[in-house]
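This report covers helix packing and the ligand site of one model. The sequence and structure come first.

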Amino acid sequence: MPKDKPSRTALKVAFSIVTLGSKPGMEAILPSGIVDATRKLLVASGAAGEITVKWAQSQTSVAIYEAFDWMLPGQFEAFAHRKAFCERQVREGIDDGATQILVLGAGYDTLGWRLAPEFSKVKFFEIDHPATAHLKARGIESMGRRKNLHLVAGDLGKRKLSDVLKNDKSWDLSAQTVIIAEGLVMYLSPEAVRDLFCQSAALVGSGSRIAFSYIPAGADGRPDAGLWTGLMLYLQKVAGEPWIWSIRPEELGEFLEETGWTISHEEAGGARKHGVEFYAMATK
Ligand SMILES: C[S@@+](CC[C@H](N)C(=O)[O-])C[C@H]1O[C@@H](n2cnc3c(N)ncnc32)[C@H](O)[C@@H]1O
């Protein structure tokens, strides 16, 4: 991705959430409070103007997003399912004893900001590429900082996760943790993804979980986004955020095993798929 520019794909996810808030039926899927918080964050961070965000809430916007779904069928609504999946993993993880949450490649995700007051004894961490992280931090500052939410800037394609977290004294290596990597791994090199999973396993206590979304690899080994894969790969590349990493769902269990994680059978086998992405969860 362009080194000095905030992520466009993060902006796209955030706008999709705002627009999905105006689509009938989506309130049953979207996590509570997410639309309002995302709308506020976009404006407070300066990532978007108030008029643009208002327009994103219109029925015209819903219709436009739906019209563009031909390229990636189901991907518009998939963002709501993805957010719901991640939030469920975090809530279940906390119920299960997790005291630390780490959102990797957080973009304009509001999970940490929304859940931090509800779970005041849990520490929330977010990491993103500096250009996006700094904008996000500005927004969070203006919306109201949470004392148990730590925003960290770091390029995970260049720096090891342990290096990025090293300076944060509140990170606890033995704490039961939930790690979220939503819409992230496709943007990293195979070496960086392997390293990210290995490092993640080494940085958390037992009973931890990692939940993530990924694009399945097709027969040719490239990310498989369906009929329009070639066009999508081209558009992502032109946008400066190419899809690089993918994996065949049937090979995911072995990959996770090699990196220190055990795939959750409930999530295994590609049962969870919305749009072009699969969702997975693994435990340590
Ligand atoms: C598609 S967006 C997803 C944002 C967020 N997870 C969500 O779903 O709302 C991808 C995010 O990954 C981040 N990202 C991509 N490459 C990264 C890298 N090398 N280091 C840190 N973050 C990265 C981008 O800045 C962006 O915020």
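Which residues in α9 meet which residues in α11? On the α9 side they are Val193, Arg194 and Phe197, and on the α11 side Phe255, Leu256 and Glu258. Contact here means heavy atoms within 4.5 Å.

## Basis of the model

The model is predicted, with local features needing pLDDT of at least 70 and side-chain atom pairs counting only at pLDDT 80 or more, while totals for chains, interfaces and linings use all residues. Residues are numbered from 1 along each chain as its sequence is written, and side-chain values use heavy atoms, leaving out hydrogens and water.

Helices (H or I, at least four residues) are DSSP runs numbered from the N terminus. Axes are lines fitted to C-alpha atoms over the stretch in contact, and angles run from 0 to 180 degrees between N-to-C directions.

## Helices α9 and α11

Helix α9 spans residues 190-202 and helix α11 residues 249-258; their axes come within 9 Å and cross at roughly 60°. The two are therefore oblique to each other. Angles under 35 degrees count as roughly parallel, over 145 as roughly antiparallel, 65 to 115 as roughly perpendicular and the rest as oblique.

By class, the contact of α9 with α11 has 4 nonpolar, no polar and 2 charged residues. Ala, Val, Leu, Ile, Met, Phe, Trp, Tyr, Cys and Pro count as nonpolar, Asp, Glu, Lys and Arg as charged, and the others, Gly among them, as polar.

## Helices α2 and α7

The axes of α2 (residues 34-45) and α7 (residues 130-143) come within 8 Å, crossing at roughly 110°. That makes α2 roughly perpendicular to α7.

From α2, Ala37, Lys40, Leu41, Ala44 and Ser45 meet Leu135, Lys136, Arg138, Gly139, Ile140, Ser142 and Met143 of α7. The contact of α2 with α7 has 6 nonpolar, 3 polar and 3 charged residues.

## Helices α1 and α4

Helix α1 (residues 8-20) packs against helix α4 (residues 59-67) at an angle of about 125°, with the axes 10 Å apart. That makes α1 oblique to α4. Lys12, Phe15, Ser16 and Thr19 of α1 make the contact with Ser61, Val62 and Tyr65 of α4. By class, it has 3 nonpolar, 3 polar and 1 charged residues.

## Ligand site

The ligand is surrounded by 22 residues (a heavy atom within 4 Å). The closest are Arg82, Lys83, Gly105, Asp128 and Glu182.

Polar contacts are pairs of N or O atoms within 3.5 Å. A backbone N or O atom of Gly105 lies 2.7 Å from a nitrogen atom of the ligand. For Glu182, a backbone N or O atom is 2.8 Å from a ligand nitrogen atom. Asp155 places a polar side-chain atom 2.8 Å from a nitrogen atom of the ligand.

Methods: A polar contact is a pair of N or O atoms within 3.5 Å; within protein, one must be able to donate a hydrogen and the other to accept it, and residues adjacent in sequence count only if both atoms are side-chain atoms.
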